[in-house]
Amino acid sequence: MAVALILLLVAIGSVVFHLLSPWWWTPIATNWSYIDHTINITFWITGFVFTAVIVFMAYCVFRFHHKEGRQAAYNPENKKLEWWLTIGTGIGVAAMLAPGLVVWHQFVTVPPDATEIEVMGQQWQWSFRLPGKDGQLGTTDVRNISSENPMGLNRDDPHGQDDVIIENGDLHLPIGKPVKVLLRSVDVLHDFYVPEFRAKMDMVPGMVTYFWIKPIRTGTFDVLCAELCGAAHYQMRAKVIVEEESEYHAWLEQQKTFAQLSGGSAVTKAAYKSGGG
Amino acid sequence: MVDIPYEGIIEVPPAEVPDVELYHPRSWWTRYVFSQDAKVIAVQYALTASAIGLVALVLSWMMRLQLGFPGTFSFIDPNQYLQLITMHGMIMVIFLLTALFLGGFGNYLIPLMVGARDMVFPYVNMLSYWVYLLAVLVLAASFFVPGGPTGAGWTLYPPQAILSGTPGQDWGIIVMLASLILFIIGFTMGGLNYVVTTLQARTRGMTLMRLPLTVWGIFTATVLALLAFPALFVGSVMLLFDRLLGTSFFMPTLVEMGQLSKYGGGSPLLFQHLFWFFGHPEVYIVALPAFGIVSDLISTHARKNIFGYRMMVWAIVAIGALSFVVWAHHMYVSGMYPYFGYFFATTTLIIAIPTAIKVYNWVLTLWRGNIHLTTPMLFALAFIITFVNGGLTGLFLGNVVVDVPLSDTMFVVAHFHMVMGVAPILVVLGAIYHWYPKVTGRMLNDPLGKFHFWITFLGAYLIFFPMHYLGLLGVPRRYHELGEAAFIPPSAHTLNAFITVVALTVGFAQMVFLFNLAWSLFKGKAAGGNPWRATTLEWQTPETPPGHGNWGKELPVVYRWAYDYSVPGAKEDFIPQNQPPAARSVHGAML
């Protein structure tokens, strides 16, 4: 029965493709392996349902296709069967939802020792800001933005003076330290997206959004924009470099603070307490 | 149904309709152009939707050429690429699928299937089509305005939709919003007809629980649309005001091309909530008619009653109701209040249960059936595969934390194309093969139909199934070029080229279908009144194609549900809904 066979091959082919696919998620670089586990659970459950339904359907086509003299059964409903299927589906759904919600809870609960850093999106580049030795980021306002003050810091906020500003450059992060990534945009929606981090979040003008991560391996990773932001959306790129803490501090020493860049108040050399960033 | 008392109906006399208050056309113009006959309006809707749908198909070819062979086609620059994806998406979702299912199939099938002579407000029904046509023409005009159509993505998210970094910011976005506003006005006029006709104009004996599932699907989808489109309407009006009048509904203080803009105080997220309050029910506005139609195709061509009819009806209604409390699953990474995630993930996964029940009941209908592998049946089977596939990947994206890595990647593109592109279009095609004989009186050519089916189904599956894995890898959507990225291997580009080749093949196979539609109109085998030996009322009309007023002198009387196939003891393997019970001998039958 050609049709039944083709249907069966679609099911088998899909499973084989899944198992052999060279296209699979990138090696993870943060603590969010829980997300990968939840995806795996979902693949198992949905893969089972998909295969079962298609194989059953192919069998029906094979077994019950029209032949001379065949008469269909008259079988309007079967309450018991329908209820069992409903309950079984409910269990399957719960088995995916429960771990999903648990991991989501972790995702939105930032650990208290996380360092706050800031990513700012604008058409079509990324800028980054790290807190200075006071460990705090200064306040900002989009109305302050000018060529000397590309991230719009408030000049009279003392917390902002020692903030490290990286305009249109690459971000460095120390391995093993949780960071809360504060996200903002000055023009349109953007989305700070590093595939290896698993986390992503839109950046919305007028708001500060966030996610948190703990980098678990060193390396250089591509930053892409994942929310359509206009003509050069696809070219809005940067890199994140996760490195050992000593290298990170060596890099940080070379970065300019807001005070240095704006040339206003006394130039304060950035110095960092250990563990900060 | 089993528990509808049958003695009560047996004595119902035929409805007397000596003086039908129908508008009777007096000229060629009022018969075929400014017609108030729902059947003519249906064909007008279907032809217009298909015409603009073909435009969207061509746009998708250009988009695929760019994705498959980046750098080869210099005439597709980044601006044009964004315009292609935007227009493709908007046309397909709104101007093709919504219009075709509700305006096309709804207009043709509702009056015939419920045993009415026409829609209850024929004049408004006619207006609905003409406003829809105007909306389509306005939309098409955006290809010719200065700066071209909008490239804001079909979701039209502000601020970028109306700022200068986005193509079509001058005219395209204004024309798009105007077209959407017109579409909604036109749809509302039609939608009121579909709802009121289903509720008020059913013939004698046609209880709600005897309606074919096609009518249940279209009816529920229309109710959803009447409740959901107003959100898009106000969103469009407010965005138009932001663009034209300088209001700031959706616009916070922001910098536009290095300069502080005049806007301030608005919320970009507000637009997203309005858009998706419409946008999620929209998925079911397309899916529910497909669910209904495919139920009837499977039942008819498997010569078996639909399994679990009552559960099927309740599933349609439950899905429709739940579809209004899941919208923010499109916004998990939008920056909205993160604790919404728990609620929307839960509602979204719950909706999987009634949806799964529908799938089980379709395949259980096949069990111990007498499956005729006609072209409509093949399309129905293919629908089940693609819908199950696309529905299951919805469980990834609906489960908030799983959505985080996958959102805005090709996984999402693959998912929604499979579930609300390929699956409903397979139903549309199956439905055309099924009902074309009633509309024209002639059968479509079968070998051509089978050829069209296999290329379309297998091709579409080959396009979208592997695409999920590009998304798993992390390939983002809406990218003119992937460019340099360490995580994207060369094999991903090869896969993109493969998808493009298959997409072009599937696209050209549709030309075979168009040829079949035209050729069979003149040369097709004569169909007779009921070629599929189906039970529902539209196959029992005195004339084929049905005449003005559908039923001749007397309206049909309905004695049974729509699924009396292969009733034990009956002479034929189907009993039309309007066939009176002969005697007690068929009392065991489901009535």
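**Notes on two sheets and a chain contact**

1. Let's start with one pair of residues: A:Glu116 has A:Lys180 as its bridge partner in β5(A). Keep in mind as you look that this is a predicted model. The strands behind this pair are β1 (residues 115-122) and β5 (residues 179-185) of chain A, which run parallel and are joined over 7 bridges.

2. Now step back to the sheet that holds them. In chain A, the order β3-β2-β1-β5-β8 makes an open sheet of 5 strands, and its pairing is mixed. At the edges you will find β3 (164-167) and β8 (209-213) of chain A; each has a single partner strand, so one side of each has no neighbour in the sheet. On average, neighbouring strands here are turned by 20 degrees against each other, direction ignored.

3. Chain A also has an open sheet with the order β4-β10-β9-β6-β7, built from 5 strands with mixed pairing. Its edge strands, β4 (171-174) and β7 (200-203) of chain A, each pair on one side only.

4. Within β10(A), A:Val240 is the bridge partner of A:Phe221. Helix α4 (residues 245-253) of chain A lies across β4 and β10 of chain A, at about 145 degrees to β4(A).

5. Finally, where the chains meet, chain B gives 95 residues to the contact and chain A gives 84 residues. The side of chain B touching chain A has 64 nonpolar, 22 polar and 9 charged residues.

Technical notes: Residues are numbered from 1 along each chain as its sequence is written. Chains are lettered from A and ligands numbered from 1 in the order in which they are written. This is a predicted model: local features need pLDDT of at least 70, side-chain atom pairs count only at pLDDT 80 or more; totals for chains, interfaces and linings use all residues. Two strands pair if DSSP finds at least two bridges between them. Helices (H or I, at least four residues) and strands (E, at least two) are DSSP runs, numbered from the N terminus. Two residues are in contact if their C-beta atoms, placed from the backbone, lie within 7 Å. Axes are lines fitted to C-alpha atoms, for helices over the stretch in contact, and angles run from 0 to 180 degrees between N-to-C directions. Ala, Val, Leu, Ile, Met, Phe, Trp, Tyr, Cys and Pro count as nonpolar, Asp, Glu, Lys and Arg as charged, and the others, Gly among them, as polar.
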